[in-house]
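Hi everyone, thanks for making time today. I'd like to walk you through one model, so please have a look at it with me.

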Amino acid sequence: MNHSPARGLLAPLPLLLIALYALSILLANLTLNKFIPLPVYGMLSVGTIFFAAVFTLRDRIHRAGGLNAVYVAIGVALLVNTVVALLTGTPWRFIGASFLAILVGELADTAVYQRFIRRSWWTRVLASNAVSVPLDSILFTLLAFWGDMSSNEIAQIIFADIVAKYLIAALFAFRLRHAARSAAA
């Protein structure tokens, strides 16, 4: 396992990425119960649009600061989001669902990413997202909305969340990868 930071946890890039990571999760949590009905099937949580960036940001934190920086990012995001949720009067159901989904999804993603650490960046990203995206979407949606929404609405939210997270994360990853290659040239 790669526990040593590549450039150091306190280097500017890991700190910036950790801040963006926590901010993305915060924006997602602040908009988690606002939905956009999709034309054919699905209800997309506005929070999903922000949360999709989390997957790629975490993968970039791996590269810039190592495994310890990822653990710090997860801890910072959990702390910031829990404090803000408490200050804004967010229902306990959403706080608990968010906390557990972030903790379980992000740690699962990190474990898969580390398992493929010697493979290409794309392999690590695709493999880790294949586990964490559905895990996070299903866990959060069931915990946050079960009993308040119909099974059909919950299925639509899970479907839209998974599709949107994959698409947005892929676009975000492609853009970051392209920017990194352009900077190296």
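This is a predicted model: local features need pLDDT of at least 70, side-chain atom pairs count only at pLDDT 80 or more; totals for chains, interfaces and linings use all residues.

Residues are numbered from 1 along each chain as its sequence is written, and side-chain values use heavy atoms, with hydrogens and water left out.

First, the patch. Ten names make up a nonpolar surface patch of about 750 Å², among them Leu13, Ile36 and Phe50. Such patches take residues with over 30% relative accessible area and no salt bridge, joining nonpolar side chains (Val, Leu, Ile, Met, Phe, Trp, Tyr) within 5 Å; areas are Shrake-Rupley with a 1.4 Å probe, and for residues only the protein chains shown count as cover. Which helix gives the largest share? That is H1, with six residues. Helices here are DSSP runs (H or I, at least four residues), numbered from the N terminus.

Now the salt bridges, meaning a side-chain nitrogen of Lys or Arg within 4 Å of a carboxyl oxygen of Asp or Glu. The whole structure has five. Glu106 pairs with Arg58, closest N and O atoms 2.4 Å apart; this links helix H3 to helix H2, across 48 residues. Both partners are buried, that is, under 20% relative accessible area. Asp136 and Lys165 also form a salt bridge, at 2.5 Å, connecting H4 with H5. Finally, shared partners join Arg58, Asp59, Glu106 and Asp109 into one network.

Conventions
Patches are made of residues with over 30% relative accessible area and no salt bridge: like charges are joined within 9 Å, nonpolar side chains (Val, Leu, Ile, Met, Phe, Trp, Tyr) within 5 Å. Helices (H or I, at least four residues) and strands (E, at least two) are DSSP runs, numbered from the N terminus. Buried means under 20% relative accessible area, exposed over 50%, partly exposed in between (1.4 Å probe, protein chains only).
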